[in-house]
Amino acid sequence: MMDLLDLAVERMRAEGADFCDARHQVITTTAVAVVDAAVKRISEDRMRGACLRARKKGAWGYATTVDVSKEALVEAAALAVRNAMAGNASGRPIPERAGLRSDLRAEVGLHPAEVGTEEKVQAVLDMDRAQRVDPRIVNTNSMLREEIRQNMLVSSHDRHLSWEEVRSTIMVEAVASEAGRTEFFYDIKGGTRGYEVVRDTDLEAFGRQVGKEAVKMLTAEKAPSGLLTCITSPSISGLLAHEVMGHASEADEIVKRRSFLTDMVGKEVGSPLITMLDDGTVPGARGTIPFDDEGTAASRTVIIKDGVYQGYMQSLETAAEMDVEPTGNGRAQSYDRRVWVRMTNTFFDKGDQDLDEMIADVRYGVLTDRMISGMEDPVGGGFEAKALRGYLIENGRVTRMLRSFTLTGNALEILRTADAVSDTVELDGGTCGKGIEDWVPVSSGGPHCRFKIVLGGD
Amino acid sequence: MDLERTAEKALRKVLEEGAKEAETYLVRVRSLTAYIDDDRIKNLEDKLDLGASVRVSVNGRLGQSSTTLHSLRELEECGAKAVALARLSRPDPHFKRFPGFQYPSGTVDVCQEDVLSATTETLREKASEVVRALGEGLKVPRGLLRAGVVERSLANSNGALLRERGTMVYAHFTSMTQGADPGEGCERYCSSGLSGLDPQAMGERLRDKAVNAQGAVHFKGRMTGSVVIPPEELAEMLLSSVGYSLDGENALRQRSPWKDMVGKEVGNRLVDLHDRPWDPRSSLSCQYDDEGTPTKERPLVERGVLRNLLYDNYHAQMGKVSPTGNYVRRDPTDPLNLYRRGGATMPVNLIWGPGGKSVEDMISGMEEGLVVEKLAAPEVNGVTGGFALEVRSARLVREGAVDGYIDQCLLVGNLYQALMRVGAVGDDPSVQLNCIIPSVLFEGLEIVGSE
């Protein structure tokens, strides 16, 4: 296939592309889903196709196809260049880079292909049955998902790369109901790992704990509203890092001056306790990649250091515009989606405080637990994170459980209020969209952080 | 490749492999997209997608597989994989067979000529017109205009055989004022055709929204009042809550708040929801759903009373009822990779019948409240109905008049309770995703600001 991609690149150059690349991808996804102790879905999905991408001046042309024959690729290559020439965006040329050849297999403990499907089905059934800890559990859901990506890329910079990515995820979710009230709880494990995700987990305990927590949720109370002291759990700290500071640090937003962090390098944007990173090399994390989808090796980007803003995440194009080095953040959902600046593993770095000490200092506030979702706002810097639940803190002690609520406010104002950061970082895997589409695997997280944040919940 | 014949041929092959029941679903898509970046045409994309999904039952055990499709060999491997997976599964307690052949209950043509003949050049011109309509002092940092042709064919072992072709158009543009502390606006267009997209009007709305958002002040304190939610925000709120509760599976699994509510009140008399799968304005409209059951117009909530839940074929067998023709794999925003998607049970087109009031009428009757323009992420917890949504831009209303624009506050409530307190229904329905709904005024929602 590499030789066909080479041909396609040659054709795009001959047609007049300033820069071009050809990607081929095979994505195989295996899923086992169990609902209420019965196998609901056992499936394997396979995607195979190629993307031809050409740049002329500042405009890109794309053509994608599932037909990867020589004729189809060459035809698509010509179409990509025609589309690029029809655009009218301006931009600086992408500088030449040194050629590179590489062929990498995923480094995982136990490759999913080496484990039989029967064992996987039984594992998911075990997780599901374990959730039935109480008659108030009315519904249980369990899932194993494995994805293997075989990537191949040739670019006009003489990059000839092939690499594999493996991601595994297990998830359980229990629904509890009593006297007309229904609540749920979930847990997820996974990352750029193989079947060791399952083998290293006590599946019985994993499922049982989620069942117990779902039942506890039935007594959770309404959260207080207004501006409060809030200790964010790693997943909520991660939403603040990812959704607001992260999306606004993607350099395409900076080039367009759409981000509230434009021109902020060297300026104070938070308490000195705040350091934030995007690091595509964290072993086992869900957003880890050997190369981005433009063939740049993943790297560790310091975005905030001790409260001072440091720099942005870059693709080839934005790095050219800003005259800096690319950081390995040019990513695409799959071969049939566009490449643009995306995060990998984005998180606040650890501090030096113990969580119990952080709680002991709070007279009245909230400790969050588990996230539901968050939303980006690169223009305004607004923060919105939905927490699945939390706890009230009264006079230095955790007291009552609180049901789902939302945290909001201006991100920079929130970061300036940070007065304590715990000594342990945790990362949560997820899938990130940009704008309204283009979903890529990422992780986000951080330590427990103590801020002043506006809360509201029903 | 003739999709219908290939689907039938693949079905025979899967049955030869040992499947007792089987379904083959093939999709061919051409998708064109023009992306705007900072007022300029940044990307033009022309994509061809062809794929298949196979679902089988082998001795009461279910398996499924999907693949992109370049040759018949890939389809045969996909079928063999589905059979092999089914053999490794467990006996299913509910599944008997796929839907049998039935004549359609109604007709709709959602194949619009302006999309069939569209090129990337067509999209380029339309998208550029939107940008020009904004005028001086504003820009479109991001925008996309997409047009797709979706052909799908299905065959199953119970005699269902269908082929439908439809078109889709989706546009999503953001606008932004220049200078310090910019305001942002957002507009969306969903349809089966391009003709309803008025670039001038869209550009003007984008301009107004961004300018209004720039002048917004942060809301302080809290209040409980009337809140008007426009169609573009209400659609996602309804789909994540009412859509969840209408899904018969959620009722059967005891996780839906509407599980025992058919025939009972779930809203006040102004709540009037229907599924109208043959509306030509919506790109999801179809004669058959994505597993071969004929679609049908049906009331969902009439004057506040829940009339029907929706069932796909599997959960209809589980609940011992008939499937309602609501198994949907398609997406009104993106036509690619449909064969990979597990279907969801949802209204094909969720209709809230228009009322008689304009938004201005609603404002004049309000003591205190908001008219929302933009929410950060208008999602509701479907299990509980709870929501607390960041308001990015809204008109503040006091004593029947607009008192400026506000932002940075939370709109807090419970959607299921809010349906009992609908104060007015607007006369401005529009197509939003797979909803055709107007603005709706809800009473008694909480607004929480900082301090």
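**Strand pairing, packing and contacts**

Trainee: In which sense do β8(A) and strand β15 (residues 364-375) of chain A pair?
Mentor: Strands here are DSSP runs of E with at least two residues, helices are runs of H or I with at least four, and both are numbered from the N terminus. Two strands pair if DSSP finds at least two bridges between them. β8(A) and β15(A) are joined over 3 bridges, and C230(A) has V366(A) of β15(A) as its bridge partner. The sense of the pairing between β8(A) and β15(A) is parallel.

Trainee: What kind of model is this, and how are its residues and chains labelled?
Mentor: Residues are numbered from 1 along each chain as its sequence is written, while chains are lettered from A and ligands numbered from 1 in the order in which they are written. Local features need pLDDT of at least 70, side-chain atom pairs count only at pLDDT 80 or more, and totals for chains, interfaces and linings use all residues, since the model is predicted.

Trainee: Over how many bridges do strand β8 (residues 226-232) and strand β21 (residues 449-456) of chain A pair?
Mentor: The pairing of β8(A) with β21(A) is antiparallel. Within it, L227(A) faces V454(A) of β21(A). The number of bridges between β8(A) and β21(A) is 7.

Trainee: Which strands stand at the edges of the open sheet of chain A, and why?
Mentor: The sheet has 6 strands with mixed pairing, in the order β11-β10-β9-β14-β20-β19 of chain A. Each edge strand has a single partner, so one of its sides is left without a neighbour in the sheet. The edge strands are β11 (308-309) and β19 (426-434) of chain A.

Trainee: Which residue takes a positive phi in the hairpin of β19(A) and β20(A)?
Mentor: β19(A) and β20(A) run antiparallel and are joined by 8 bridges. K434(A) stands opposite E437(A) of β20(A). The hairpin has 2 residues between the strands, and the residue with a positive phi, near 70°, is G435(A).

Trainee: Which residue of β10(A) is the bridge partner of M276(A)?
Mentor: Strand β9 (residues 276-279) and strand β10 (residues 300-305) of chain A form an antiparallel pair with 4 bridges. In β10(A), the partner of M276(A) is I304(A).

Trainee: What angle does the direction of helix α6 (residues 234-246) of chain A make with that of β20(A)?
Mentor: Axes are lines fitted to C-alpha atoms, for helices over the stretch in contact, and angles between N-to-C directions run from 0 to 180 degrees. α6(A) packs on the sheet and touches β9, β10, β14 (345-348), β19 and β20 (437-446) of chain A. With the direction of β20(A), that of α6(A) makes about 130°.

Trainee: How are the directions of α1(A) and α2(A) related to each other?
Mentor: The axes of α1 (residues 2-15) and α2 (residues 70-86) of chain A come within 9 Å and cross at roughly 30°. Angles under 35 degrees count as roughly parallel, over 145 as roughly antiparallel, 65 to 115 as roughly perpendicular and the rest as oblique. The relation of α1(A) to α2(A) is therefore roughly parallel.

Trainee: How many charged residues are in the contact of α1(A) with α2(A)?
Mentor: Residues are in contact if their C-beta atoms, placed from the backbone, lie within 7 Å. The contact includes L4(A), L7(A) and R11(A) of α1(A), and L73(A), V74(A) and A77(A) of α2(A). Ala, Val, Leu, Ile, Met, Phe, Trp, Tyr, Cys and Pro count as nonpolar, Asp, Glu, Lys and Arg as charged, and the others, Gly among them, as polar. Besides 10 nonpolar and no polar residues, the number of charged residues is 3.

Trainee: Which strand gives the most to the side of domain 1 of chain A that touches domain 2 of chain A?
Mentor: An automatic or database domain assignment supplies the bounds, and chain A is divided into domain 1 (2-219) and domain 2 (226-456). The C-alpha centres of these domains of chain A lie 22 Å apart, and 36 residues of domain 1 are in contact with 24 of domain 2. With 6 residues, the strand that gives the most to this side of domain 1 is β6(A).

Trainee: Which strand gives the largest share of the side of domain 1 of chain B that touches domain 2 of chain B?
Mentor: Chain B is divided into domain 1 (3-214) and domain 2 (216-257 + 353-451), with 29 Å between their C-alpha centres. Contact is made by 8 residues of domain 1 of chain B and 11 of domain 2 of chain B. The largest share of this side of domain 1, 4 residues, comes from β7(B).

Trainee: Which strand gives the largest share of the side of chain A that touches chain B?
Mentor: The contact takes 67 residues from chain A and 66 from chain B. The side from chain A holds 24 nonpolar, 26 polar and 17 charged residues. Its largest share, 11 residues, comes from the strand of residues 38-56, β2(A).

Conventions:
Contact = placed C-beta atoms within 7 Å.
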